[in-house]
Amino acid sequence: MADTDRSACAISRVYRGTFIHSTHKSAVQILEDALLGVNTEGKIAFIGKGEELHKLTQTFGFSPAEVTQLTQNEFFMPGMVDTHIHASQYSYAGTALDLPLLQWLNTYTFPVESRFKDLEFANKIYTQIVKRTLRNGTTTACYFATIHTDASLLLGQIANDFGQRALVGKVCMDRNNAVKHYKEALQESQEETCRFIAELLHKKYPLVKPVVTPRFALSCTGALLRQLGAIAKNNNLHIQSHISETVEEVKLVKELFPESDSYTDVYHKHNLLTEKTLMAHGCYLSDEELDLFRETGASLSHCPGSNFSLCSGVLNVRNVLNHKVKLGLGTDVAGGYSASMLDAVRRTLDASKVLTIQDPEHDTLSFEEVFRLATLGGSQALSLEDQTGNFEVGKDFDALRVNVAAPGGPIDLIQFEEPKIMLEKFLNLGDDRNIVEVFVAGRKVVPFTEPAE
Ligand SMILES: O=c1[nH]c(=O)c2nc[nH]c2[nH]1
């Protein structure tokens, strides 16, 4: 029997073919010869079997001629969720990966981020990253911008114009000893954060929302952390930051916040761990800290590309999942050099295999599990599961139309492949040439239609 939502909205698109997604029960559920209908609000109105076509046409009032049939080499999968990406670092992605985190921030990152005061520069880079990630199949992105309010608002506008679902954070930092001009005063950070939130919410973008963004404990005074915790609570907003990425950082946090029991406790004491909190990295979290994540409902973003590139550490994802902590994947541009979630998928598998090399007893992640982390897992980590992450009726249609035999693409097929093999090949070998269409909330966003001037 088809799953249906017979709300009053008319049907705008119907597809027939293979759909692959994750559910709570199975990491990979394959629906062959399925029918999926999208309503005029961009939501999934029904998902059923091909043989139910006649009944569905009657219930939903569309004609069989309106159904788009996928080819044998195509399938739909949910759009991918990048739970941690620095939009402002895209200009130097693929370079400058020769230093450990704290030196890397001082040498490369802060000088580049300080340039986003210039709105022309911001416009150029932010347009590039939004287009690149959409083309790569990222339908939802959780962005760090910079300390500049107007440039951060511009990022929100660009994501909205191109149709990406996004959380956008104006970065807050009132402590930066290395690059003196790239920091805020306490009051300025608080006031500009409030202005950013008010102005972004005022735009009423349907898919773009603000996220409270203390950079990390080392760049913020306790007073700022406390104020940001209060702002997030008063406005019921998401929170994002970094945690326990490197050994050196953990040591310095301990020195800076001696009254806290752990790095996690620093954020907890300042009311920054909530069900809408997403912390990047977490390579060195103890089991007790993971328990605190679970108790507060806070999530982790696993960013193995960056963890390898900056020689930061290797997160044990299996241990995080065993602690029932929500976890998604992040590209972490530009600590991670690739803005592709397919790369995050591959690095996640590599990181898990590194742990297995070190300990053959390690329970290596399967590609099916990692597929779930890149889609449904990300939506759960961002508390957006009611809107996106898989093909459940009532959710927004955020989807990638994948063609594993796309002309000029990187995958060679010798025969028609089983859907699960098509998925595995796409995850391991595919690229943007295989992603022939991208939809966010039912709107086709790739191929691009340039927003009106
Ligand atoms: O990977 C990272 N990228 C950053 O920009 C950053 N800032 C604090 N900690 C960080 N880690």
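Author: In what follows, Ala, Val, Leu, Ile, Met, Phe, Trp, Tyr, Cys and Pro count as nonpolar, Asp, Glu, Lys and Arg as charged, and the others, Gly among them, as polar. By these classes, the shell around the ligand has three nonpolar, five polar and three charged residues. This is a predicted model: local features need pLDDT of at least 70, side-chain atom pairs count only at pLDDT 80 or more, and totals for chains, interfaces and linings use all residues. Residues are numbered from 1 along each chain as its sequence is written.

Reader: Which residues are around the ligand?

Author: The test for being near is a C-beta atom, placed from the backbone, within 6 Å of the molecule. Those around the ligand are His86, Leu101, Leu105, Thr109, Arg215, Phe216, His242, Glu245, Ser306, Asp332 and Gly335.

Reader: What gives the most to that shell?

Author: Helix α2, residues 101–113, with three residues. Helices (H or I, at least four residues) and strands (E, at least two) are DSSP runs, numbered from the N terminus.

Reader: How many helices and strands does the protein have?

Author: There are 14 helices and 18 strands.

Reader: What makes the protein as compact as a globular protein of its length?

Author: Its radius of gyration, taken over C-alpha atoms, is set against a rule of 2.2 Å times the number of residues to the power 0.38. The protein comes to 22 Å, close to the 22 Å that the rule gives for 453 residues, so it is as compact as a globular protein of that length. Its C-alpha trace spans about 65 × 55 × 40 Å along the principal axes.

Reader: Into which domains is the protein divided?

Author: Domain 1 covers 3–78 + 390–446, and domain 2 covers 80–381. These bounds come from an automatic or database domain assignment. The domain centres, over C-alpha atoms, are 30 Å apart. Their contact (C-beta atoms within 7 Å) takes 22 residues from domain 1 and 21 residues from domain 2. On the domain 1 side, α14 (419–429), β17 (435–440) and β18 (443–446) each supply at least two residues. The largest share of that side, four residues, is from α14. By class, the side of domain 1 that touches domain 2 divides into 12 nonpolar, five polar and five charged residues.

Reader: Why is Ser244 called buried?

Author: A residue is buried if 20 or more other C-beta atoms lie within 10 Å of its own, exposed if 12 or fewer, partly exposed in between. Ser244 has 26 C-beta neighbours inside 10 Å, so it counts as buried. Ser244 sits in the loop between β12 (238–243) and α7 (247–256). Its phi is positive, about 45°, although it is not a glycine.

Reader: Is His281 buried or exposed, and how do you know?

Author: His281 has 29 other C-beta atoms within 10 Å, so it is buried. His281 belongs to strand β13, residues 277–281. Phi there is near 90°, a positive value in a residue other than glycine.

Reader: Which peptide bond at Ala334 is cis?

Author: The bond from Val333 to Ala334, with omega near 10°. Ala334 is in the loop between β15 (327–329) and α12 (341–358).

Definitions and conventions:
Two residues are in contact if their C-beta atoms, placed from the backbone, lie within 7 Å.
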